[in-house]
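Okay, thanks for making time, everyone. Let me put the model up and walk you through a few things.

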Amino acid sequence: MRRMSFKFPRLRLSMSGIRLSSIGLIFLIGLLAISSCEKDDICVDGDTPLLIIRFYNAADSTALKSVASLRIIGIGNGEPVDTFTDRSSTDSVAVPLRINEISTQFQIILNSDGDDDAETGNIDTLQFNYETNEVFISRACGFVANYEIETDTLTVDTDNWIQGIEITNPSVTSQDSAHVKIFH
Amino acid sequence: MLRYFTSILLFLGLFTAQAQSKSIDLQPKDTISYKQPYGLRAGIDLSRPALSFFNSDYTGLEIVADYRLTQSLYLAGEIGNEKKTFQEELSNVVTANTSPLYNFTVSGSYIKLGVDYNTYENWYGMNNSIFIGGRYAFSTFNQTINDNFIYNSNRYWNPDQFANGTLSNIEYGGLSASWLEFLVGIKAELFANIYLGASVRIGFLVSNTEDDNFPNLWIPGFNKITDGSNFGVGYNYSISYLVPLYRKAKKIKPPATSVK
C-alpha cells in the first residue's frame with residue numbers, strides 16, 4: 001500500500017501534462033478550422049452610396065409627384081442610368097456619382113421617347129458638385145466613396161421642366177434617406 | 001615470545017571481528033544519476049526565412065531563445081521582424097476579370113516573453129520536451145496603403161474595374177499591439193546540444209492601437225486580425241543550440257519504503 005502511494009503521484013503528474021497539451025492541440029486545430037472560412041472574405045458591410053433624388057410637386061412642396069417616362073443619362077457615359085426602369089413613371093431615383101471627379105452631370109429627361117439620337121422629350125441638364133471621401137469599410141470591401149454635395153447647377157434653357165432643386169441632405173454616406181428634392 | 005605473538009593475533013582478531021560487524025548490502029541502490037544540462041538555448045525560426053525565399057511578398061526573421069530555470073520550467077522568448085504585402089481582391093462578385101480592391105504592406109517588429117513548461121518525462125540521458133507555454137507579446141509596426149480602388153456595386157461609371165482611389169503610398173505609422181499567447185510545442189535533441197523544435201500558437205489580442213482611417217489588418221508576430229474576433233494563430237519551426245552552463249541531476253524523490 002505504501003509502495004502504491006509512491007507511484008501514484010508520479011503517474012498522475014505525467015498524465016495531467018499529456019491531458020493539458022492534448023486539450024491545447026484540439027483547441028488549436030479547432031481554431032484553425034474555423035479561421036479557414038470567415039466572413040472577412042465576403043463584402044457585405046457597405047457600398048458606395050447612390051445619390052437619391054425624389055420628385056415633388058412644385059405647387060405643393062410636400063407632395064411627391066411622379067415624372068412621366070423618366071430617363072436619366074450621365075453626361076460622359078451616354079447610356080441611361082441602370083438603377084431604375086428606363087422610361088418609367090417614378091417619383092424616386094438613385095443615381096451614381098462619378099468617383100474620381102468633383103462633379104457629375106445628368107440629362108434628366110421628362111416624357112422621354114424616340115431613338116437615342118432623336119430624343120423627343122424635355123431634356124434638362126443638372127450638375128452636382130461635390131467632395132469625395134474615401135472610407136475604409138472592412139477587409140472584404142476595402143474602400144468606398146462618400147460624398148459631400150456642395151452645389152448644384154441647373155443649365156437654363158428655353159423650357160426647363162425642373163422648377164426648383166433643394167439639397168436636403170448634403171452628406172451622401174448612406175441610402176437611407178433622400179439627398180435631393182426636385183420640384184416640377 | 002610466543003605468548004607475545006598470540007596476544008597480538010588475538011588483538012588483530014578483535015579488529016577483524018569489528019570490520020565484519022557491518023552487514024553486506026545485497027541490494028545496492030543505483031547511485032549513477034544523469035546530470036541534465038542547464039543553460040541558454042538560442043536559435044532561429046526556419047519557416048520565416050523559407051517563406052521569405054519562396055514568397056516575394058514576405059520577408060521575416062525570428063530569433064528564439066529559452067533559459068532553463070528548473071527541471072520543467074523555462075524562461076522563453078522570441079524576437080522577430082516581419083514585412084508582408086497583401087493584395088486584396090473582391091471575391092464575392094463573379095466577374096471575368098479580377099477586381100482589385102486595395103494593396104497594403106505591413107512592416108514591424110515584435111517581442112514575446114514568457115515561460116515554457118515541459119510536460120515530457122525524458123528517459124535516461126534524453127533532453128527532449130513536449131511543452132506548453134504562455135507569452136506576453138508586443139509589436140510595433142506601420143501599415144502602408146500602396147494603392148486602392150473604390151468598391152462600388154454600381155458599375156455605371158466604371159464598368160470594367162473599380163475606380164482608382166487616391167490613397168497610394170499613404171503610411172500609417174506608430175501602430176502597436178499587444179497580445180497574450182498560448183502555445184504547444186516540441187523540442188527534440190538532434191545532435192549534442194542541437195535542437196529542432198516546432199510550436200503552434202493562439203494569440204489573444206489585448207490592446208490594438210490603430211489609425212481611424214485604416215484599421216490594423218495584420219500584425220507582425222500575431223498574423224491576420226479577423227473581423228469581430230481577438231484571436232490570431234501562428235506557428236514556428238526552430239533550430240537552436242544549447243549553451244550548457246551547468247549540469248544538475250534530476251531530484252529523485254526518496255522512496256516511501258525507506259521511511260519506516
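So, what is the mean pLDDT of chain B? This is a predicted model, and the mean for chain B comes out at 87, with 83% of its residues at 70 or more. For the complex, the predictor gives an ipTM of 0.75 along with a pTM of 0.76.

Let's stay with chain B for a minute. You're looking at two helices and 11 strands. Chain B has 260 residues, and 27% of them count as buried. As for contacts, take those in chain B with a separation of 6 or more: 64% of them are between residues 24 or more positions apart.

Now over to chain A, and some backbone angles. Quick reminder: most residues other than glycine have a negative phi. A:Ser69 isn't a glycine, yet its phi is positive, at about 45 degrees. Where is A:Ser69? Look in strand E2 of chain A, residues 67-74.

A:Arg87 is in a loop of chain A, the one between E2 and strand E3, which covers 88-90. A:Arg87 has 15 C-beta neighbours inside 10 Å, so it counts as partly exposed.

That's my bit, over to you.

How values were computed: Residues numbered from 1 in each chain as written. Chains lettered and ligands numbered in written order. Predicted model: local features only at pLDDT ≥ 70, side-chain atom pairs only at ≥ 80, totals over all residues. pLDDT = per-residue confidence, 0-100. Helix = DSSP H or I, 4+ residues; strand = E, 2+ residues; numbered from the N terminus. Buried ≥ 20, exposed ≤ 12 C-beta atoms within 10 Å, placed from the backbone. Contact = placed C-beta atoms within 7 Å.
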